[in-house]
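Q: I have a model open in my viewer and would like to learn how to read its features. Could you take me through them one at a time?

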Amino acid sequence: MPTCRHCSSTYGREQFVHGNGPMTQVCVRCAVDTGIISKEDAANMYDDSLGSARLQIMARRYSIFMYIPLLWTLWIIVLSGVKPWGLYFLGLLILLTLLAPVWFIYRGGQYSGDMARLTPAYDRPKGH
Ligand SMILES: [Zn+2]
């Protein structure tokens, strides 16, 4: 993966502008920021709304793995000594923990579809 000359970030080849001289090894965001190309020419640019939409989908996909340790911690601190609710919630937590990976895999197709929908249609120029 190439590195941008301006921001030193590493992206896939499709995130770079094409050309010689000042356009060599410049990512599309830096190219727009420095005025090398206009925003309309940057077909492969992930603008702020697209970026936040993609982040939102990703956060929704992975948030379950943040909630499960949190719920376990809450259970250990608050409910583990309470009878009989501690036991009921322990069963619920075990069920949730076991179902989370299954749900994660099951929703994988939906996630890829959403990400594909939020990826700009862009054909690489020949030779790249
Ligand atoms: Zn850059």
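A: Gladly! Let's begin with charges and rings: a charge sits over a ring if NZ of Lys or CZ of Arg is within 6 Å of the ring centre and within 35 degrees of the ring normal. Here the charged end of Arg61 sits over the ring of Phe104, 3.7 Å from its centre. Arg61 also lies over the face of Tyr111, at 4.8 Å from the ring centre. Keep in mind that this is a predicted model, where local features need pLDDT of at least 70 and side-chain atom pairs count only at pLDDT 80 or more, while totals for chains, interfaces and linings use all residues. Residues are numbered from 1 along each chain as its sequence is written, and side-chain values use heavy atoms, with hydrogens and water left out.

Q: How is the pair formed by Phe65 and Phe104 arranged?
A: A pair of aromatic rings is described by the distance of the centres and the angle of the planes. Rings of Phe, Tyr and Trp (its six-membered ring) pair if their centres lie within 6.5 Å; planes under 30 degrees apart are stacked, over 60 edge-to-face and the rest tilted. The whole structure has eight aromatic pairs. Phe65 and Phe104 are edge-to-face, 5.1 Å centre to centre with 70 degrees between the planes. Phe65 belongs to helix 3 (residues 64-79) and Phe104 to helix 4 (residues 85-106), so the pair ties together parts 39 residues apart in sequence. Helices here are DSSP runs (H or I, at least four residues), numbered from the N terminus. Ring pairs link Tyr62, Phe65, Phe104 and Tyr111 into a cluster.

Q: Is Phe104 buried or exposed?
A: Buried means under 20% relative accessible area, exposed over 50%, and partly exposed in between (1.4 Å probe, protein chains only). Phe104 is buried at 19%, whereas Phe65, at 38%, counts as partly exposed.

Q: Which residues coordinate the zinc ion?
A: Donors are N, O and S atoms within 2.8 Å of the metal (3.2 Å for Na, K and Ca); water is not among the atoms, so sites may look incomplete. The zinc ion is held by SG atoms of Cys4, Cys7, Cys27 and Cys30, at 2.2 to 2.3 Å. Along the chain, these donors follow the spacing C-x2-C-x19-C-x2-C. Cys7 and Cys27 both lie in the segment before helix 1 (28-33), so the pair ties together parts 20 residues apart in sequence. Cys27 is buried, with a relative accessible area of 1%, while Cys7 is partly exposed at 32%.

Notes:
Helices (H or I, at least four residues) and strands (E, at least two) are DSSP runs, numbered from the N terminus.
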